[in-house]
Amino acid sequence: MIIKKKASAVWNGGIKDGVGTISTASGVLREATYGFKARFESGPGTNPEELIGAAHAGCFSMALSKIIGDAGLTPERIETSAEVSLEKVGEGFEITAIHLTTTGRVPGADEARFRELAEKAKAGCPVSKVLNAKITLEATLAG
């Protein structure tokens, strides 16, 4: 089975003075603005790293929910954030690392089991698999 999802981007102008828009086929993002200032400074709009972080956090949370369920437990809540590191490497930039921070409320789980399941989710999440960056994880079981 192959599932295909679509997104698009339009860029107008030079790298520093230009502006772009990003859209998704679902319409959740519709001409969301992105640009140099949003990426390298603190300007308005989004940027590719922020979007990758959101995708990774969402993918990881879903994968963790499945893995917890496969372990015979039921998660009440999983909350994940992703910090994406963009660094100058040589002549260009690279996403060099992503740090996931997750907290889960899982009745019947202990801290060690939750961390074990979270590590499996980190390794198995499709977004983790596609990224060529060091991915670290901090997992905490909520009381």
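Three strands form an open sheet with antiparallel pairing: which strands are they, and in what order do they stand?

Tutor: A word on the ground rules. The model is predicted, so local features need pLDDT of at least 70 and side-chain atom pairs count only at pLDDT 80 or more, while totals for chains, interfaces and linings use all residues. Residues are numbered from 1 along each chain as its sequence is written, and side-chain values use heavy atoms, with hydrogens and water left out.

The strands are β1, β2 and β3, and they stand in the order β1-β2-β3. Helices (H or I, at least four residues) and strands (E, at least two) are DSSP runs. Strands pair when DSSP finds at least two bridges between them. β1 (7-12) and β3 (32-34) are the edge strands. Each has a single partner strand, so one side of each lacks a neighbour in the sheet. Ignoring direction, neighbouring strands here are turned by 25° against each other on average. Angles run from 0 to 180 degrees between N-to-C directions, with axes fitted to C-alpha atoms, for helices over the stretch in contact. Six bridges join β1 to β2 (residues 19-24) in antiparallel fashion. Pick out Ser 8: its bridge partner in β2 is Ser 23.

Helix α1 spans residues 36-40 and holds both Phe 36 and Phe 40. These two are four residues apart, about one turn of the helix. The whole structure has three aromatic pairs. (Rings pair with centres within 6.5 Å; planes under 30 degrees apart are stacked, over 60 edge-to-face, the rest tilted.) Phe 36 and Phe 40 form a tilted pair, 4.8 Å centre to centre with 40° between the planes.

Take the links one at a time. β4 and β5 (residues 92-105) run antiparallel and share 13 bridges. Ala 82 has Leu 100 in β5 as its bridge partner. Contact means heavy atoms within 4.5 Å.

Back to the strands. Leu 86 stands opposite Ile 95 in β5. The hairpin of β4 and β5 has two residues between the strands, and Gly 90 there takes a positive phi near 65°. β5 and β6 run parallel, joined by eight bridges. Thr 101 has Glu 138 in β6 as its bridge partner.

Last, the two helices themselves. The axes of α2 (residues 48-70) and α3 (residues 111-124) come within 8 Å and cross at roughly 125°. From α2, the contact residues are Phe 60, Ala 63, Leu 64, Ile 67 and Ile 68. They meet Phe 114, Leu 117, Ala 118, Lys 120, Ala 121 and Lys 122 in α3.

Methods
Phe/Tyr/Trp six-rings, centres within 6.5 Å; stacked < 30°, edge-to-face > 60°.
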